[in-house]
Amino acid sequence: MKFREWLEELEYDVISGDLDIEVEDVIYDSRKAREHVVFVCTKGTKVDSHEFIPEVVKAGVRVLVVERQAEIPAGVTAIRVHSSREALAHLSAARFGYPQEKMITIGVTGTKGKTTTTHMIKAILESCGKKVGMIGTTGIVIGSEVTPTMNTTPESYQLFESFERMAQAGCEYMVMEVSSQAFKMHRVDGIRFDYGLFTNISPDHIGPDEHADFNEYLYYKSQLLDRCRIGIVNRDDEHYHEIIKDASCELTSFSLEQEADFMAKQIHYVSEPEFVGLEFDVAGRYALEARVNIPGRFNVYNALAAISVCSFLDLPKENVRHALEHLNVNGRMEIVYASKKCTVIVDYAHNAVSMESLLETLREYHPARLVCVFGCGGNRSKDRRYSMGDSAGRLADFSILTADNSRFEKTEDIIADIRSSIEKTGGDFIEIPDRREAIAYSMIHARPGDMIAVIGKGHEDYQEVNGVRHHFSDREVVLEIAAELEKSE
C-alpha cells in the first residue's frame, strides 16, 4: 500500500518526504523497526519514543509519524499529527482494511457488569448459531482460541489486528468491553459501534495513573454514546442524565425500577438443587420470561442489558432464554465448591460497589456465616482499600484479609490500610497475607452452612508482585483444598 492511502481519516501536516512511499505495516515499538513500516512516535508517562528516531531509521524505517518537533533525518517521510495515539488507531484500522465494518459491533462500558454482560451477549448469539468474537477482561476470544491481554481494552493496533482475525474466521458479531482508559488513550478511535451499552457508573479508577477525578471518568465512559449507532443505558443509574447529555446516538434505556424501553418485572430469587439464580419477566419493547443461573439482583441488570441489545437482532426467544439459563461465566459469582459444610464462591468484585452488591446478594440465601476472603491491588487509589474494608466489616460475618495483586507495594502495607477501616466497623477479621493459606483457612475452619466469598481476582490466573506475574488461580486453589479436605475425612 501507499502511505497516502492510510491517511484518509487523519488530519496532518507533511514535514518531509513523499506520501506515495510503499508501506506494509504500522509499529509503535522501536524494537520492531524494519523496512517498509510506519513508526508512530508516542509520548508516554515514562518513555518518549521520539527519542528513538535515529535508532529506527538506522534499522530501515523510512516513514515517521510525530506529534512534537523532532529532527527528521534526510530521505525520510514524516507527518505531524495532533495526537500520535489517535493516529495509531486510524492507521491500524486502515492497515487491516477496516475489519470492524465487516461485523456487527457491540461495545459495553460501565463500572461493573461489563464482563458478565459481554459473556451473556456472546452466549445468546452463539445459542442462535452465530459466530462471535469477544474482547475484554478475559482476553481476546475467537472461537476456542483465547489470547490473554494486559488491558481490558487492548492497544488499537492489537484491536484492529484481532478484528481482522475475527472477520477471517467468519465472525458475524464482535462484542467487547470498552474501558474509560480506552477512550482516554485513543485505543478505540476509528470504531463506530452498531450498539453501545452503558451498564452503570460509580467512582472507580481514580488515581495518579488513571483518572484525575470522577467527572473525567464519567466523561470518558460517556464517549461510547458518541461512538455508536444505538445506545442502551441503565435508566436507574443516579448519573443517567449526565451520562446521556452529550449522546449523539439513538437512545434507549433499561430499568428494574421505573418506566423504560426494557424493564424487568416479577423478580424472584431461586435456590434449587440444580439451579441457583433468578427468574424475571422482561416487559416494554420486548417480552420474555427469563431464567438466569447466576445469583444477584445486579445480574438482573446484566441479563436485562444483554437481552436489550439482543432484542434488536431478531433472534429466536427460546434460544435467548436457554442461553441465560445455562450460562457459565468464569470468576463471576461462580460457585466453585459446594458441600454440606460450606459453599465457596469466586468473584471478581474488586471495589466497594461490586463487593457490597455481592455480599448483599449472598445474604439473600441466609448462610450460617458469610465469610469474605479479600485483599486489594497495589498502586491504585487507597480509597478503594478503605471502602472495601468498611463494606466487609459491615456486611460479612468474618473477613480474612490477604494478598491481591500487590504490584510494587508491600502486601502488609495494603492490609494495614484495609485494617484501618474495617476496625472502625467492629467487624470480625483475621490477617493472612499468603492468599493460598487464607483460602485454606476459610475452608478448614468453615462451619456448617457457611458461605465463603473469595473475591477480587475472579477469572485471573496470576498474582502480580514487583512487576512479575506468578501463576495463581482462586478457582484452582479452592478445588485443591477441597480435594485435600475430602481425602482427610
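In what order do the six strands of the open sheet sit? Here they run β17-β18-β22-β19-β20-β21, with mixed pairing. The legends below take this sheet and a few other spots in turn.

This is a predicted model, where local features need pLDDT of at least 70 and side-chain atom pairs count only at pLDDT 80 or more, while totals for chains, interfaces and linings use all residues. Residues are numbered from 1 along each chain as its sequence is written, and side-chain values use heavy atoms, leaving out hydrogens and water.

**View 1. The whole chain.** Of the 489 residues, 57% count as buried (under 20% relative accessible area, with exposed over 50% and partly exposed in between, using a 1.4 Å probe and protein chains only).

View 2. At the edges are β17 (334-338) and β21 (429-431), each pairing on one side only (two strands pair if DSSP finds at least two bridges between them). Neighbouring strands are turned by 20° against each other on average, direction ignored (axes are lines fitted to C-alpha atoms, for helices over the stretch in contact, and angles run from 0 to 180 degrees between N-to-C directions).

**View 3. Strands β19 and β22.** Residues 370-374 make up β19 and residues 450-455 make up β22; the two run parallel and are joined by four bridges. Look for V373, whose bridge partner in β22 is V454.

**View 4. Two helices on the sheet.** Helix α10 (residues 352-363) packs on the sheet and touches β18 (342-347), β19 and β22 (contact means heavy atoms within 4.5 Å). The direction of α10 makes about 155° with that of β19. Helix α11 (residues 382-395) lies across β19, β20 (398-401) and β22, at about 160° to β19.

**View 5. A lysine in helix α3.** K122 sits in α3, which covers residues 114-127. Is K122 buried or exposed? K122 counts as buried, because its relative accessibility is 13%. Leaving aside residues up to four places away in sequence, K122 touches V132, M134 and V141.
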